[in-house]
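Let us read a structure together, one feature at a time.

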Amino acid sequence: MSATVIQASGLSKRYERGATESSALLRDKLARALRAPWKGWSGQRQETFWALKDVSMEVQEGEVLGLIGRNGSGKTTLLKILSRITRPTSGTAELHGRVGSLLEVGTGFHPELTGRENTYLSGAILGMSRQEIARKFDEIVSFAELEKFIDTPVKHYSSGMYVRLAFAVAAHLEPEILLVDEVLAVGDINFQKKCLGRMSDVARAGRTVILVSHQLGQIRRLCQRVVWIDAGSVRRDASAQDVVNAYETAMSAGEFTSSDRSNMGGQKARFVRWEIAGEAPHSITSFGPVRIHFYLEVTEPIHRGHHGIALFNSERQLIWGKAADDLVLTPGTHRFTYEFPSLPLRPGPYSWLVSLFDGTEQIEMWEGVPEMGVATDSLQHPRDEWSGILNLPSELSVREEGGENGKSYR
Amino acid sequence: MSSVTSHSAVASAPRKRLSDQPTIRIEPMRGGVDLRLGELWRYRELLYFFVWRDVKVRYKQTAIGVVWVILQPLLSMLVFTLFFGRLAKLPSQGLPYPVFYFAALVPWIYFSTSLVSVTNIMVENQRVITKVYFPRLILPVSAALSGLVDFGIGFVVLVIFTMSYGIRPGPSVLLLPLFLVLAFLTVLGIGLWLSALNALYRDVRYLIPFIVQFWLLASPVAYPSSMVPERYRWLYGLNPMAGVIDGFRWALTGRGQAPGTVLIASTAMVIVTVFAGLIFFNRMEGSIADRV
């Protein structure tokens with residue numbers, strides 16, 4: 001017997017474009033009100049858009065529900081409404097039980113405070129009582145593997161240590177309903193696994209989880225049911241396998257490309273999709289050779305084409321980049337193929353950026369969708385702060401000089 | 001729209017039945033006024049943590065921490081004594097100039113510094129506000145409360161200082177907490193407006209130095225309120241800090257302007273300000289997370 005713990009009906013959220021900009025000055029508003037007093041204080045029309053349109057759904061107790069959709073589709077807005085951070089413009093929802101939301105790693109952390117102090121502070125902000133934190137404190141610290149540094153201010157922590165502590169606090173949150181946004185995308189792969197393990201324990205204990213993620217593999221592993229949000233509405237609500245497959249099909253058909261691109265150029269030519277030759281079209285699973293194709297649709301001839309490519313990691317750090325000059329392209333579809341002997345990258349999400357210029361005119365600047373996942377095993381130091389961006393296979397051998405026998409270490 | 005996926009939920013520990021769990025209703029903003037002060041009480045532990053964080057960080061960041069808290073009113077007192085006392089020869093209600101000014105500066109500095117921190121608190125905590133829910137009212141309340149720690153330190157110095165002039169507080173000292181509560185509520189009442197406005201319009205913080213400066217002139221810090229003509233006293237008292245500072249000075253030293261018309265007007269004004277502030281903050285609360 002399961003009971004409904006979340007019931008949302010007709011949730012909609014309207015935002016005013018530009019309202020979040022820092023240009024929202026009282027001075028301007030006063031000036032406008034003085035110039036046109038008959039229009040009233042809030043008379044001026046602002047461009048509005050619906051981030052969420054009439055979303056209804058039910059979530060049962062103990063269910064792990066995945067939310068997928070491309071950037072800006074409204075997943076995060078939905079999560080923010082359910083966690084009461086923002087109110088819907090219309091529609092209602094009812095949640096039964098305590099709600100914990102994990103929309104960011106290290107919510108409420110203060111750099112000047114120590115690990116211990118931040119554990120209490122962040123725990124309290126996420127909704128734990130002081131007693132509860134005190135009771136779980138040792139467990140949190142050992143989960144984060146930070147026993148030695150717990151009384152050091154977190155500003156002296158490496159980013160890996162910081163993330164581990166933040167996760168450890170969050171992982172010990174035990175509300176009846178847990179809302180998680182994308183936060184599992186950071187941190188090293190081993191620690192991620194540890195957190196995922198804990199989350200499935202949480203779900204097994206009968207708690208309800210809503211998880212937003214771009215990592216479809218993760219969604220498949222963790223969720224029974226998935227809701228696909230597209231342009232603010234529910235596009236599909238069914239079993240994880242069914243929805244993720246439909247989503248992947250839509251993505252590789254290049255469905256999302258047109259609205260994801262910048263609106264500069266794109267008239268003469270545009271990149272429509274990318275894929276990795278082989279079984280998994282968007283993830284790297286081995287240390288062997290990799291061949292990647294980008295498809296460009298050309299509508300008008302290009303005589304002095306310059307083409308650039310860049311690979312970024314999830315922290316928007318440039319991993320690799322290259323350019324080619326003097327391309328001549330005729331109308332039609334062109335396939336750009338890059339061959340690498342190996343892409344030994346640290347496991348995680350990456351993104352491609354490909355561009356095309358004609359002379360100095362920008363024709364295309366395309367952020368490849370979907371992201372590229374690297375899902376190889378980590379061959380690096382087990383501690384996150386000592387593992388870098390390259391996941392290079394290596395071998396160590398130790399031999400005494402002049403001696404006979406050496407020993408190899410993997 | 002909905003599907004039911006049932007799976008075996010292995011409960012590791014006996015859990016509360018769902019019907020025992022609190023139900024949270026999420027709805028659009030309505031026209032009515034619901035201040036949800038009970039919710040503030042339920043979140044009192046978080047309030048404590050915010051105050052604790054403010055105090056801890058403040059004293060960790062400044063090397064001279066406590067010394068600065070004492071120096072600030074002391075230095076201001078010296079300047080006031082020199083210019084308003086010795087040079088301008090303003091009356092001081094029979095009190096030595098240093099005591100007269102110091103007794104006003106300790107509550108005044110609490111008011112002015114807290115007003116600034118309350119104004120900025122929503123903007124400073126925008127990351128938390130956009131990532132997790134709690135009653136937003138906790139933030140301005142915590143900022144107004146954490147200023148009381150500095151006030152406490154200044155107050156101890158003030159008492160020692162006053163005693164060193166041979167002035168022993170009389171029974172009126174028992175009314176001191178009343179004036180402190182009044183000061184706290186003034187900070188909160190005004191701060192609720194300013195913090196919400198500052199979150200919505202970033203230029204509000206540039207107004208603060210002017211507001212504080214004018215407010216200082218409109219309060220009996222540098223001069224006694226007895227200089228204000230009797231028939232305008234009630235009008236003067238509409239500045240709540242007039243009642244606070246007059247009363248504070250009187251309660252501590254037993255001399256000066258005993259609370260009367262000014263205090264009544266101030267108290268009435270504080271009550272109105274706090275209620276209006278709560279309602280305004282409550283109305284703005286819904287859109288703050290979308291706009292900070």
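**Reading the model, step by step**

Q: Where is A:Arg84 in the chain?

A: First, a caution: the model is predicted. A:Arg84 sits in the loop between helix H2 (75–82) and E4 of chain A.

Q: Is A:Arg84 buried, partly exposed or exposed?

A: Count the C-beta neighbours. A:Arg84 has 19 inside 10 Å, so it counts as partly exposed. A buried residue needs 20 or more.

Q: Which loop holds A:Ala231?

A: A:Ala231 lies in the loop between E8 and E9 of chain A. Its phi is positive too, about 50°, and A:Ala231 is not a glycine. It has 15 C-beta neighbours inside 10 Å, so A:Ala231 counts as partly exposed.

Q: How many bridges join strand E8 of chain A to E9(A), and in which direction do the strands run?

A: Count the bridges, then compare directions. Strand E8 (residues 225–230) of chain A is joined to E9(A) by 6 bridges, and the two run antiparallel. One pair to find is A:Asp230, whose bridge partner in E9(A) is A:Ser233. The hairpin of E8(A) and E9(A) has 2 residues between the strands.

Q: Which strand of chain B is joined to E4(A)?

A: Bridges can also link strands of two chains. Here 4 bridges join E4(A) to strand E1 (residues 23–26) of chain B, and these strands run antiparallel. To see one of the pairs, find A:Glu94: its bridge partner in E1(B) is B:Arg25.

Q: How many residues of each chain are in contact across the interface?

A: Count each side on its own. On one side are 61 residues of chain A, in contact with 45 residues of chain B. Several elements of chain A give two or more residues to its side, among them strand E1 (4–16), helix H1 (26–35), strand E2 (48–60) and H3. Sorted by class, the side of chain A that touches chain B has 24 nonpolar, 20 polar and 17 charged residues.

Q: What span is expected for helix H3 of chain A, and what does it reach?

A: Compare the end-to-end reach with the expected value. Helix H3 (residues 115–126) of chain A has 12 residues. From its first C-alpha to its last it reaches 16 Å, close to the 16 Å expected at 1.5 Å a residue.

Q: How many residues of H3(A) are buried?

A: Check the helix residue by residue. In H3(A), 11 of the 12 residues are buried, so it is largely enclosed by the rest of the structure. The buried ones include A:Tyr120, A:Leu121 and A:Ile125.

Q: What do the buried residues of H3(A) pack against?

A: Look in both chains. In chain A, they pack against strand E5 (99–102), helix H4 (130–144) and helix H5 (159–171). In chain B, they pack against helix H2 (44–61) and helix H5 (126–129). After H3(A) comes A:Gly127, with a positive phi near 110°.

Q: How many helices and strands does chain B have?

A: Tally the elements, then read their order. Chain B has 11 helices and 1 strand. The C-alpha trace of chain B spans about 85 × 40 × 40 Å along its principal axes. Of its 292 residues, 39% count as buried.

Conventions: Residues are numbered from 1 along each chain as its sequence is written. Chains are lettered from A and ligands numbered from 1 in the order in which they are written. This is a predicted model: local features need pLDDT of at least 70, side-chain atom pairs count only at pLDDT 80 or more; totals for chains, interfaces and linings use all residues. The expected span of a helix is 1.5 Å times one less than its number of residues. Two residues are in contact if their C-beta atoms, placed from the backbone, lie within 7 Å. Ala, Val, Leu, Ile, Met, Phe, Trp, Tyr, Cys and Pro count as nonpolar, Asp, Glu, Lys and Arg as charged, and the others, Gly among them, as polar. Two strands pair if DSSP finds at least two bridges between them.
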